[in-house]
Protein chains: 2
Amino acid sequence: MKAAIITIGDELLIGQTIDTNSAWMGAELSKSGFDVYRITSVHDRREDIIYALNEAAGKTDVVLITGGLGPTSDDITKQTLCEFFNTHLVMNYEVLSMIEVMMSHRNFPMNDKNRRQAEVPESCRVLKNAAGTAPGMWFEKNSTIYISMPGVPHEMKYLMKELVLPELNQRFTSQIIIHRNIMTYGTFESKLADILADFESGLPENIKLAYLPASGVIKLRLTGTGSEHDHLLNLINEQVRKLYATIPEFIYGEDEESLEMVIGKLLMAKNKTVVTAESCTGGEISHLITSVPGSSVYYKGSVIAYSNSVKTQLLGVQDYILTRYGSVSENTAKEMAVGARNLFNTDFAISTSGIAGPDGGTEAKPVGTVWIAVASERGTVCEKRVFGNDRITNITRFSLAALNLLRKQIINY
Amino acid sequence: MKAAIITIGDELLIGQTIDTNSAWMGAELSKSGFDVYRITSVHDRREDIIYALNEAAGKTDVVLITGGLGPTSDDITKQTLCEFFNTHLVMNYEVLSMIEVMMSHRNFPMNDKNRRQAEVPESCRVLKNAAGTAPGMWFEKNSTIYISMPGVPHEMKYLMKELVLPELNQRFTSQIIIHRNIMTYGTFESKLADILADFESGLPENIKLAYLPASGVIKLRLTGTGSEHDHLLNLINEQVRKLYATIPEFIYGEDEESLEMVIGKLLMAKNKTVVTAESCTGGEISHLITSVPGSSVYYKGSVIAYSNSVKTQLLGVQDYILTRYGSVSENTAKEMAVGARNLFNTDFAISTSGIAGPDGGTEAKPVGTVWIAVASERGTVCEKRVFGNDRITNITRFSLAALNLLRKQIINY
């Protein structure tokens with residue numbers, strides 16, 4: 001079962017719009033057992049659209065097409081489909097009356113452009129679009145199904161969920177595909193691949209492993225294909241257990257969980273609270289923690305101590321510590337965490353002090369250096385980490401490292 | 001001048017990762033005058049990659065390729081390029097030593113997989129990647145240039161900015177293209193388009209206007225094409241002056257300037273300092289301000305007052321204010337800003353108090369409501385804004401609104 005996706009629109013090619021439709025459709029088709037072998041984005045240009053359609057012809061079971069169905073003159077998908085399928089536009093009066101109702105509901109007068117949206121290629125089956133004015137269209141030719149939908153994401157999703165996916169699922173009694181995502185933090189892709197070399201080579205033929213790294217976090221995705229759901233699920237679960245046994249120190253969660261989500265769950269479960277005292281991360285840790293809905297239950301606040309005077313006056317870092325060891329040091333990070341925990345009266349406090357760059361580095365403390373401390377009733381732990389040269393990347397890396405150190409402390413608490 | 005983009009990676013096809021690289025590269029290539037006629041995403045699969053390469057061969061001047069250069073076994077772009085260009089992998093010792101330095105800097109041991117990242121196809125020119133371990137590769141065959149880069153966005157962007165775009169611009173000098181970006185904040189795209197309808201229809205034939213909206217900020221891009229640089233520059237400058245005269249209240253900067261960059265420049269120029277007191281924005285304003293290099297000159301720090309106790313104890317918000325008006329109110333926001341300014345002894349202080357959602361809204365104060373205050377020597381100004389239902393979007397919108405209020409106060413100072 002193969003599928004291809006074609007997205008049409010000048011805005012995609014000149015980078016004005018990021019093509020989020022393809023990822024959404026790709027995920028849905030994969031879940032239904034299709035191998036999406038190709039995504040193509042082309043201009044609102046006749047020859048480019050025809051080329052993309054021809055290329056998919058005969059090679060795939062299903063082609064999903066979005067875009068180019070708007071009412072303005074740059075939208076030419078419908079005419080081009082007529083040419084490709086050797087048919088012509090006819091007025092569909094059912095669609096026309098749907099559009100009339102929709103327009104009057106929104107208090108917009110009908111014009112010629114709206115009326116032309118009710119014209120469809122004669123040979124297609126119309127997919128009625130309750131979410132917008134452009135209908136979807138279903139074509140079949142030489143055992144390939146072509147489905148054209150509007151490019152507006154919520155209209156495309158409406159048609160996919162209500163009409164397209166149910167029919168595709170019914171017609172293609174499919175292979176079963178199961179994905180499992182294991183979230184890891186704390187190492188490089190290459191090191192992880194080394195550690196997992198035996199695991200990977202020992203995987204059953206029908207289970208594949210993929211590494212999906214994104215700014216410090218590496219998602220490990222196991223994809224299994226088979227004909228029997230429960231059997232496949234057992235097989236995958238067995239491999240997941242093996243993964244947990246092989247790299248327990250790196251796995252922090254599953255599916256799309258972020259470190260801040262996992263920390264939130266842990267703090268809620270243990271009924272604990274946390275604050276942050278950030279220097280070089282400048283509020284990013286706080287931002288990550290508070291991006292989780294409901295975080296006000298366990299997160300009390302933060303002191304962003306960008307200047308040394310804030311470190312001494314609010315967090316109680318002693319002057320001699322700053323003078324003797326510098327603001328970027330183990331001692332300062334520890335005192336910041338302890339000071340923040342006392343100030344806010346919480347169970348945990350995280351602190352960071354480092355050099356995000358691009359300036360401010362020395363030979364002993366290059367750009368990318370950070371000390372991270374976590375204070376709790378049981379004392380204060382501190383880690384030194386060294387990352388790269390890019391300011392924004394460093395701020396992210398420092399923040400994730402701090403969240404992970406906190407996570408480990410909460411688990412052991 | 002035609003260009004094609006090929007992005008490689010299973011994660012793109014199954015919708016696990018949205019392909020943001022293509023949009024970024026498409027925008028950059030367009031600015032350089034290329035017609036990006038096609039974006040193709042394919043699996044980490046030999047035959048699919050070869051097919052995509054063959055398809056572009058001879059039809060285009062430049063093919064940009066990202067992805068599949070990681071150290072793990074699912075990454076097969078390099079071997080496949082060898083096959084396509086009829087060459088083989090050789091060790092590049094310069095790249096190897098760069099990787100060694102990078103790994104030792106991060107205190108990670110080298111392994112075979114890292115070493116293999118230094119192997120490159122013999123017939124390519126290596127593009128040294130200071131942002132990561134996978135080098136870029138430049139090939140030429142039958143008057144088409146093929147450039148392969150890592151899929152990690154910041155590594156791809158590093159190679160594009162430092163090496164690829166400068167060389168492409170030098171080799172494909174055709175028409176002169178001048179872009180000017182005018183950054184606006186404070187209105188909707190559709191409203192701006194209404195206001196600018198006359199301006200747009202009065203533009204000379206060779207100057208185009210594009211609206212590029214991104215989370216609250218709308219970038220207006222004027223693109224002029226011509227054969228004579230100074231004449232074109234004068235023509236564009238004249239239109240830019242017209243824009244400033246038409247929408248002075250919305251323009252805050254030019255080119256890729258963010259609100260936080262403009263605020264930094266203003267504070268530096270006026271030798272003033274700022275702090276933040278954030279509730280619902282949870283550190284995002286602080287994060288934005290400190291993402292600007294050198295911000296420690298004018299930014300002192302922040303109190304993230306997520307819980308009410310922090311508002312009263314650290315910021316001096318009076319208990320009766322919280323009881324009488326609630327923590328999400330004009331009075332609370334004002335007291336937070338005044339309190340933060342006193343605590344840190346700075347010229348300006350910004351505060352936010354609102355409901356980011358998804359829960360916590362009431363009929364009087366629905367999710368998306370925020371009060372923003374800016375305190376200075378001249379007193380305290382406060383604005384109420386109401387945005388939507390999405391937590392993450394709200395946090396961003398609240399933060400930009402706060403930065404813009406601060407900007408206006410600094411300008412009038």
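Reader: Let's start with β9(B). How does strand β9 of chain B pair with strand β11 of chain B?
Author: This is a predicted model. In it, β9 (residues 176–185) and β11 (residues 217–226) of chain B run antiparallel, with 10 bridges between them. One pair to look at is N181(B), which sits opposite R221(B) in β11(B).

Reader: Ok, and which way does β9(B) pair with β12(B)?
Author: Antiparallel again, over 3 bridges, with β12 covering residues 251–254 of chain B. There, T184(B) has I251(B) as its bridge partner.

Reader: Switching to the open sheet. How many strands form it, and in what order?
Author: 12 strands, with mixed pairing. The order is β6(A)-β7(A)-β8(A)-β3(A)-β1(A)-β2(A)-β2(B)-β1(B)-β3(B)-β8(B)-β7(B)-β6(B).

Reader: Which strands stand at the edges?
Author: β6 (125–127) of chain A and β6 (125–127) of chain B. Each has a single partner strand, so one side of each lacks a neighbour in the sheet. On average, neighbouring strands of this sheet are turned by 20° against each other, direction ignored.

Reader: What about β7(B) and β8(B), how many bridges join them?
Author: 5 bridges, and the two strands, residues 136–141 and 144–149 of chain B, run antiparallel. E140(B) faces I145(B) of β8(B) across that pairing.

Reader: Which strands does α2(B) touch when it packs on the sheet?
Author: α2(B) touches β1 (2–8), β2 and β3 (62–66) of chain B, and its direction makes about 165° with that of β1(B). Helix α3 (residues 46–56) of chain B packs on the sheet too, touching β2 (35–42) of chain A as well as β1, β2 and β3 of chain B. For α3(B), the angle is about 165° with the direction of β2(B).

Reader: On to the chain contact. How many residues does it take from each chain?
Author: 65 from chain B and 61 from chain A. On the chain B side, elements that each supply at least two residues include α2 (20–31), β2 (35–42), β14 (299–305) and α16 (391–411). That side divides into 27 nonpolar, 26 polar and 12 charged residues.

Reader: How does β14(A) pair with β14(B)?
Author: In the antiparallel sense, over 5 bridges. V303(A) stands opposite V303(B) there.

Reader: Last one: which residues touch the most other members of the largest nonpolar core?
Author: V303(A), A337(A), A340(A), A337(B) and A340(B), in a core of 121 residues. Leaving aside neighbours within four places in sequence, A340(B) contacts V275(B), T276(B), A277(B), V303(B), L315(B), A349(B) and S351(B). Apart from that core lies another of 43 residues, including L29(B) and M160(B).

How values were computed
Residues numbered from 1 in each chain as written. Chains lettered and ligands numbered in written order. Predicted model: local features only at pLDDT ≥ 70, side-chain atom pairs only at ≥ 80, totals over all residues. Core = buried A, V, L, I, M, F, W, Y, C linked by C-beta atoms within 7 Å. Buried ≥ 20, exposed ≤ 12 C-beta atoms within 10 Å, placed from the backbone. Contact = placed C-beta atoms within 7 Å. Helix = DSSP H or I, 4+ residues; strand = E, 2+ residues; numbered from the N terminus. Nonpolar A, V, L, I, M, F, W, Y, C, P; charged D, E, K, R; others polar. Pairing = 2+ DSSP bridges. Axes fitted to C-alpha atoms, helices over the stretch in contact; angles between N-to-C directions.
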